[in-house]
Amino acid sequence: MSWDETDMSILRVVQQDATLGAGAVGRAVGLSQPAVWRRLQRLREAGVIAGRRVDLDVEKLGFGVTVFLGVKLATKGRVSLEDFERACMSIPEVQTVQHVLGLYDYRLRVVARDLSDFERVLRRRIMTLPGVGNVEANVLLSEERRPGPI
C-alpha cells in the first residue's frame, strides 16, 4: 500500500500531538473531519499507526540518571534471546531493550534515581539476567533531540 503526501502530513501532525481529534488534524492539513477520520482508520488498519503513547519527564518523576548499557551475552547458545529479552522487560527501570548488531548484542536504556540507585539496579537486576557477559555503561549527560516525527 502506498501513502500520499496528505497521509504523510496527517502522520506528521499526529506524531506531534496524538491527542488531536480528526477535526483538529483536518484543520491542520486542510481536509474535512470525515476525510481525515477515514485516512487515520486506513493507517491504523494497515499498521502504520501502531498506537498512542505518553512521553513522561522522567527527571520530574525523580529519575535523574539515564544510562545506556551495551550488553554482550556470555553464551548465546545456552540462553535464548527471548528469555533474555523477557527478563530485561521485567525490570521497571529498563525503558528500552534493543537487539543490535555490533560489539554488543543488546542496548538497554535504564533510568535510576541517582548513581547509587543505578548501581543497585545494575548489580542486583541486570548482572543477574540469564546469559549476561560483558556490560558497558554510558551515562547520559544531555539529550538535545528526542525521537520525533519522521
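This is a predicted model: local features need pLDDT of at least 70, side-chain atom pairs count only at pLDDT 80 or more; totals for chains, interfaces and linings use all residues.

Trainee: OK, where does S32 sit?
Mentor: S32 is in the loop between α2 (22-29) and α3 (33-45). Helices here are DSSP runs of H or I with at least four residues, strands are runs of E with at least two, and both are numbered from the N terminus.

Trainee: And why does S32 count as partly exposed?
Mentor: Because its relative accessibility is 40%. Buried means under 20% relative accessible area, exposed over 50%, and partly exposed in between, with a 1.4 Å probe and protein chains only.

Trainee: Which residues of α3 are buried?
Mentor: A35, V36, R39, L40 and L43. Seen down the axis of α3, they fall within an arc of 130°, so they line one face of the helix. The arc is taken over the directions from the helix axis to the C-beta atoms.

Trainee: Why would that spacing put residues on one side?
Mentor: An α-helix has 3.6 residues a turn, so residues three or four places apart point the same way.

Trainee: What's on the face turned away, and what covers the buried residues?
Mentor: The face of α3 turned away from its buried side carries the exposed residues R38 and E45. The cover over the buried residues includes α1 (5-16) and α2, with contact meaning heavy atoms within 4.5 Å.

Trainee: Switching to the sheet: what's the strand order?
Mentor: β2-β3-β1-β4, four strands in an open sheet with antiparallel pairing. Two strands pair if DSSP finds at least two bridges between them. β2 (94-99) and β4 (132-139) stand at the edges, each with a single partner strand, so one side of each has no neighbour in the sheet.

Trainee: How many bridges join β2 to β3?
Mentor: Five, and the two strands run antiparallel. H99 stands opposite Y106 in β3, while V97 has L108 as its bridge partner there.

Trainee: What about the hairpin of β2 and β3?
Mentor: There are six residues between the strands, and G102 takes a positive phi near 145° in that hairpin.

Technical notes: Residues are numbered from 1 along each chain as its sequence is written. Side-chain values use heavy atoms; hydrogens and water are left out.
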